[in-house]
Amino acid sequence: KHSNNNMKNFFLACLVVTSVISVTESRKIKRIVTKTSDFAGAGTDKGANYLVVANDWPALFQESNMNTCSLGNSACFISDLDDTSRNDREQGKLDIFEGTLLRGCNNFTFSNDVEFIRVTKDTEDDWTFDWIYLEFSDFTHVYCGLQTSPNTINNTTTPLIIMCKNQVLY
């Protein structure tokens, strides 16, 4: 009977450890999907920068460690979200970015829900988009965008701060 209890305790401990690992690993960012607006001039041929933030307003403006992508567990930085193998961010098109294209956000684990993203651009070529989705390994996603109008960004505008809403994919 004693070995039966030890066996039960062992399996229970394995279950708890597996659950803890699953919880800590479950909020990894896997994919970013963008929707460029559908009107003349909405697309761009130039890169855009993204800063994705989880419940940490000050991290939106933390510039010191962006080159090393070291923003703690509240934010990650993509230096240039651009797929050079194709013509992305074209009028009316969806673009999917994953893997190494996500740079510092590839498999990044967030400690809290994502609430904001900051979009900046390094050229005067405008990019107008309807929304940005962040998809996570736990089958949740975050919708970021203004409900009433498209979002336009270029290097002469201030960084665009966009609120995000967490949703569950079924």
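A residue is counted as buried when its relative accessible area is under 20%; Lys35, with a relative accessible area of 16%, is therefore buried in this predicted model. By the same definition, residues over 50% are exposed and those in between are partly exposed. Of the 170 residues of the protein, 41% count as buried.

The protein comprises one helix and nine strands. From the N terminus on, the order of these elements is α-β-β-β-β-β-β-β-β-β. Among contacts between residues at least 6 apart in sequence, 74% join residues at least 24 apart. The protein exposes about 9500 Å², of which carbon and sulfur atoms supply 55%.

The largest nonpolar core contains 26 residues, and Val119, Ile132 and Leu134 touch the most other members. At least two residues of this core are supplied by each of β1 (29-36), β3, β5, β6 (127-136), β7 and β9. Strand β6 provides the largest share, five residues.

A search of the whole structure identifies two disulfides. With bonded cysteines counted along the chain, the pattern of the disulfides is 1-2, 3-4. In the pair formed by Cys76 and Cys105, the sulfur atoms are 2.0 Å apart. The link of Cys76 and Cys105 is right-handed, with 105° about the S-S bond. This pair connects distant parts of the chain, 29 residues apart: Cys76 lies in strand β3 (residues 75-78), and Cys105 in the loop between β4 (94-98) and β5 (114-121). Cys76 is buried, with a relative accessible area of 0%, and Cys105 also counts as buried at 0% relative accessibility.

The sulfur atoms of the disulfide between Cys144 and Cys164 are 2.1 Å apart. The torsion about the S-S bond of Cys144 and Cys164 is about 105°, so this disulfide is right-handed. Because Cys144 belongs to strand β7 (residues 140-144) and Cys164 to strand β9 (residues 160-168), the pair ties together parts that are 20 residues apart in sequence. Cys144 counts as buried at 0% relative accessibility, and Cys164 counts as buried at 13%.

Arg27 is located in the loop between α1 (2-25) and β1, and Asp113 in the loop between β4 and β5, so the pair ties together parts that are 86 residues apart in sequence. Arg27 counts as buried at 11% relative accessibility, whereas Asp113 counts as partly exposed at 39%. Arg27, Asp113 and Asp138 are linked in a network of salt bridges.

In the salt bridge of Arg31 with Glu135, the closest N and O atoms are 2.7 Å apart. Arg31 counts as partly exposed at 28% relative accessibility. The side chains of Lys35 and Asp130 likewise meet in a salt bridge, at 3.3 Å from N to O. Whereas Lys35 is buried, Asp130 counts as partly exposed at 24% relative accessibility.

Terms used: Residues numbered from 1 in each chain as written. Predicted model: local features only at pLDDT ≥ 70, side-chain atom pairs only at ≥ 80, totals over all residues. Heavy atoms only, no water. Disulfide = S-S within 2.5 Å. Helix = DSSP H or I, 4+ residues; strand = E, 2+ residues; numbered from the N terminus. Buried < 20%, exposed > 50% of the residue type's maximum accessible area, 1.4 Å probe, protein only. Core = buried A, V, L, I, M, F, W, Y, C linked by side-chain atoms within 4.5 Å. Contact = heavy atoms within 4.5 Å. Areas by Shrake-Rupley, 256 points an atom, 1.4 Å probe, with all protein chains shown as cover. Salt bridge = Lys/Arg side-chain N within 4 Å of Asp/Glu carboxyl O.
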